[in-house]
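These are my notebook entries on a structure I looked up.

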Amino acid sequence: MEAIRKQASKLREQVARQQQAVLKQFGAGGYGGSDNMVTDEVELQQHQKLEKLYISTRAGKHYQRDIVRGVEGYIVNGSKQVEIGTKLSEDSRKYGADNTCTSGSTLSRAALNYARARAQMEKERGSLLKALGTQVAEPLRAMVMGAPLEDARHLAQRYDRMRQEAEAQAIEVSKRLAKVRETPGNAENAMKLEAAEAKLQDLKTNMAILGKEATAAMAAVEAQQQRLTLQRLIAMVEAERAYHQRVLQIVDQLEGEMISERQRIEAPPTPSVDNSMPPPPSYEEVDGIYASQAHNGSTDSMGYFLGEVLFPYHAESEVELNLSVGDYIVVRKVMNNGWAEGECKGKAGWFPFGYIERRERVLASKVAEVF
């Protein structure tokens with residue numbers, strides 16, 4: 001009979017060791033252990049919440065680290081592009097300043113304009129890289145490496161170890177309880193059971209306190225992670241948006257200058273106004289509105305249309321329009337004597353019809369400039 005009891009006790013110890021090995025296996029890596037200990041519903045919910053917080057903050061930390069690495073790589077590559085662009089700007093400036101072309105200085109002016117625009121763009125790129133470093137990478141790196149996150153994770157890991165210890169102690173209580181049942185009246189076994197139960201209760205009490213502290217710390221870190229990461233993403237988008245807007249303005253201005261230089265080269269000689277042309281008709285006020293009068297009542301039968309100014313024209317009287325190359329004008333009347341009447345930039349008047357060219361399709365933005 002005694003041999004049977006010893007064999008049963010030995011078997012129970014083997015089972016207990018196997019249980020502890022399983023608990024250790026599932027609880028050793030990172031955070032999280034077994035939910036198989038004797039516990040109440042409140043503690044179980046707290047444990048599950050802490051486990052989710054641990055996973056969430058770990059994923060948040062990895063995302064912050066990915067952003068930092070991406071921004072750092074962007075800064076490295078961007079700095080190389082700034083060097084290349086700055087060199088190109090300097091080469092263009094040098095050519096524009098030193099060029100001795102005998103056929104004209106158009107290309108020199110274009111090179112100088114490009115050098116200036118390229119230098120401005122590279123300056124803007126440098127400002128963007130600096131903003132990404134100070135406003136995005138540095139704050140996120142500080143949080144990834146910061147004490148609050150590590151302290152919260154250490155609390156969670158301490159709670160996890162204490163929970164594993166409580167699970168092991170619960171198994172010990174079960175063993176002591178079995179021995180007391182096997183040997184009723186044995187005072188020593190009863191005292192050991194009482195001590196094991198007291199230790200288990202202390203562990204559970206401390207575990208509950210530590211669990212609340214760890215949960216609060218992890219929740220605070222999670223909220224800070226979410227808030228800071230979103231703020232830095234917005235800052236990155238705003239910095240890039242401002243950069244591209246400024247670069248677009250620079251490029252638009254440069255394109256206008258380049259096109260102007262090209263038109264200056266390709267444009268045919270400016271037509272001269274025929275001295276035999278009669279002066280343009282006058283405007284007469286009718287009910288507070290100025291209306292043009294047909295000269296000798298002779299007009300072409302064209303309807304309203306849009307025209308693009310090909311040559312500049314300087315008005316010689318109050319009823320004439322000043323024209324600049326590239327302006328668009330609504331042509332309302334064309335005279336057989338070479339004059340045309342229309343509206344440009346909100347002003348109506350006469351101009352030489354030969355200075356414009358009819359356009360069938362015009363960008364909406366250009367039409368808006370007419371009025």
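I first looked up M218, and I found that M218 touches L50, L53, Y54, T57, A152, R153 and A156, leaving out residues up to four places away in sequence. I take contact to mean heavy atoms within 4.5 Å.

I noted that this is a predicted model, in which local features need pLDDT of at least 70 and side-chain atom pairs count only at pLDDT 80 or more, while totals for chains, interfaces and linings use all residues. Residues are numbered from 1 along each chain as its sequence is written, and side-chain values use heavy atoms, without hydrogens and water.

Next I turned to the cores. A nonpolar core is a set of buried Ala, Val, Leu, Ile, Met, Phe, Trp, Tyr and Cys residues joined through side-chain atoms within 4.5 Å; buried means under 20% relative accessible area (1.4 Å probe, protein chains only). The largest nonpolar core has 40 residues, and M218 is one of those with the most contacts inside it. Helix 2 (41–98), helix 3 (106–144), helix 4 (147–182) and helix 5 (187–266) each give two or more residues to this core. Helix 5 gives the most, with 16 residues. I found another core apart from it, of 17 residues, including Y313 and F351.

Last, I looked up the sheet. Helices (H or I, at least four residues) and strands (E, at least two) are DSSP runs, numbered from the N terminus, and two strands pair if DSSP finds at least two bridges between them. The sheet is open, with 5 strands in the order 6-5-4-3-7 and antiparallel pairing. Its edge strands are strand 6 (347–352) and strand 7 (356–359). Strand 5 (residues 339–344) pairs with strand 6 over 6 bridges, and C344 has K347 of strand 6 as its bridge partner.

Key
Buried means under 20% relative accessible area, exposed over 50%, partly exposed in between (1.4 Å probe, protein chains only).
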